[in-house]
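The following note concerns the model shown below. Please read the numbered points alongside the coordinates.

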Amino acid sequence: VDRTATEFARERAEESLRVGPLTDAERAAVVDGIRRCYDNAGLVWPDRVVWAPSPVAGQLIAVRLARRHTPTAVRVRAVAALVRRVVPVVVMGASAFVPGVAVCCAGIAATLLVSLPGDAIIAPSNEVPMFPPEHLRGMWVAGLVGGLAALVMFVRALIADNGGIGSNLVMGVLMTIFATVPAPALIAEFPGLGVSWLLGGFAPPSPGWVNLVLAVGLGSALVGAAVTGGVVRWRDRPPVPLHHPDPAHDRLVASLPTATADDCERVRFVTDELTGRVDRSVERAVQDATGADVDVRRYPVGHLGGHRHTGQLAAAARVAPDRADVRAFVAASRAGWWWPHTAFVVVGERPTALRLERVADTQRLHSADGPAAEWADGTRVYAVHGTIVPAGLVEEGWDVEAIHEHPNSEVRRAAIELIGWTAFIRRAGWRLVATAADPGNPPHELALYEDPLRRLPDVRVLVMTNGSPDRSGTVRKHAETVPDTFDDPVAAAAWQYGCPVRTYRQLGRRT
Amino acid sequence: MHTYRSALSLVGASVPPHLIADAEVPVLTCPQAQGDLLVFPDTPPQDLPLDWQPVPANGIRLVHGEATGNTHWLHHGFDSPGVRWTVAESPDGLTLGFLDVPESQSAQLIHTDEHGANGIGPGVYRINRKREQAVGAARDRLVAD
């Protein structure tokens, strides 16, 4: 490993994670760098620079400005395009659903019309019906409901088939006739008959009543089918929402300097390891804070200066520090993220504080007692070992119930690590599965625990004792997670080191 | 025979006050654990291309915990010029490499903080890191102290 490449990368990483406000001269240098980046990418310099106090503010300012700079004509055209995309989606859904329902309804209606007294398509039969005719009304209504319910189930499969309208119509009819749709319809008729029988005592229906029920029932079934089909289809394949991208960001990304020497890979790798996780956490927090904003989706403006480019830029700066494009991007990256647009540039301030944790050769946000990243406008990001967590977890602390209630398993893990597994399993009432003598570490034991309520899937916890006292002189106990497939604490410990259990049992010494 | 004092002096570290400086470091040929590292007798797989290198006098840095600044160092013992090491990373990321200690020679695994030193006798050993089961995350995580 070339030490100087690593050192270089570390300096670049440190530079990109610098905190505190910029001086006026530094701001001017940043803006000048961005201007040169525009020039190099062949973009016209918009000469409108807006400084944002934090990445969240920067993202929102950028999309608001992007909306303001999108002409009304462009927006109208986009709405028209959206309508053109929506209509086929709804038509396809309806065309898949309606014929099936129509066939189903028509079949049931015709059958019942024949048997019902009064006005009928075919002349009334002289035969005595099997059931008193008045009860057939209940049978008919229940049959209709059963048939529709079954159709809803099948229509999804039908819609997933990406045929045209013609094939939808044919498939709808075939499916109704030959698939199981008529079966639930027929089955449902019998409970309907039973209910009607139990309630009993109705006079035979008048022809007008039968016609009205038929018209309302069939009509609403068809409308319902069309709407349902449209909705299901929309959910399966929603049309692309309104979207007004700006080309400046992509042009600038394409103009980013690249470097390919061996040494560069090392620089890129080390820089990414030291900055990537930190920046990804910030990006995640910004997404959480702005993702629901309609403008963010409709008028997207991508940023530069983040983890996607830091390593690449560091590698280029290693090889060709004096090249004009490299110098421009390096100068532009001295502030926070920046959002380029053809009509403006938003530049983000650096954070006022970053609290980082180094693990092996990587770096991540971590603070157990306050925000891990903070900006001048009060934007705060809370993170525990790199996992973004709600502010309440760090500021107030959660009890065991609150931890288990959080829907995100990463956040749950971070919350548990904050109080420590050893304390957590005690508070959460975990059950001791087994203990065993700790090989190589007498007189201590290994203890394996499980959660009787299985609130964390696939995990048991192994509690062990250190082989040596720490600097305070105490021999610390600590706990780590193991797969829940182990019942034997020694086997679980051997798994941790990827060592056969037989070998692990011969452990002679643990320090 | 190394003591903690002599072993730690190899890496330029002083003996932490809670360890007994003149306690002897036993040289063993059975599996030994040093915090998040395990040394155990094992032969390298046949199909693995290995690049055996003598362990240099100033040692090899096996794992550097940047959170704590502590490092596991691998050194050869007294009169042990034949001690060899090869990097052999396994797909699961656990194995760091293999250690070959010739007859009547020894190697030292030294931690710059609380874990002190472990003496390793003649044999071929695999040195593995430690992992824990992922909770929520996609894959197992390596443990570093």
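1. In helix α2(A), the buried residues are Val30(A), Val31(A), Gly33(A), Ile34(A), Cys37(A) and Tyr38(A). They lie on the same side of α2(A), because they cover an arc of only 155° around the axis, the arc being that of the directions from the helix axis to the C-beta atoms. Buried means under 20% relative accessible area, exposed over 50%, and partly exposed in between, with a 1.4 Å probe and protein chains only. An α-helix has 3.6 residues a turn, so residues three or four places apart point the same way. On the other side of α2(A), Asp24(A) and Ala25(A) are exposed.

2. The model is predicted: local features need pLDDT of at least 70, side-chain atom pairs count only at pLDDT 80 or more, and totals for chains, interfaces and linings use all residues. Residues are numbered from 1 along each chain as its sequence is written, chains are lettered from A and ligands numbered from 1 in the order in which they are written, and side-chain values use heavy atoms, with hydrogens and water left out.

3. Against which elements do the buried residues of α2(A) pack? Their partners in chain A are β1 (49-52), α9 (247-254), α13 (324-332), β2 (338-340) and β3 (345-348), where contact means heavy atoms within 4.5 Å. Helices (H or I, at least four residues) and strands (E, at least two) are DSSP runs, numbered from the N terminus.

4. The length of α2(A) agrees with expectation, because its 17 residues (24-40) should span 24 Å at 1.5 Å a residue and its end C-alpha atoms are 24 Å apart. The expected span is 1.5 Å times one less than the number of residues. Gly42(A), with a positive phi near 75°, follows α2(A).

5. The count of cavities of 30 Å³ or more comes to 5. A cavity is a set of points on a 1 Å grid over the protein atoms alone where a 1.4 Å probe fits but cannot get out, and lining residues have an atom within 4 Å of a point. The largest cavity holds about 450 Å³ of space, a volume being the space filled by probe spheres set on the points, which are joined across faces, edges and corners. Of its 33 lining residues, the closest to the centre are Ser16(A), Asp279(A), Gly305(A), Ala335(A) and Trp337(A). The helix α12(A) gives the most to this lining, with 5 residues.

6. Chain B contains 1 helix and 13 strands. Of its 145 residues, 55% count as buried.

Notes. 1 Å grid on protein atoms, 1.4 Å probe; cavity = no way out; pocket = protein on both sides within 12 Å on 5 of 7 lines; lining within 4 Å.
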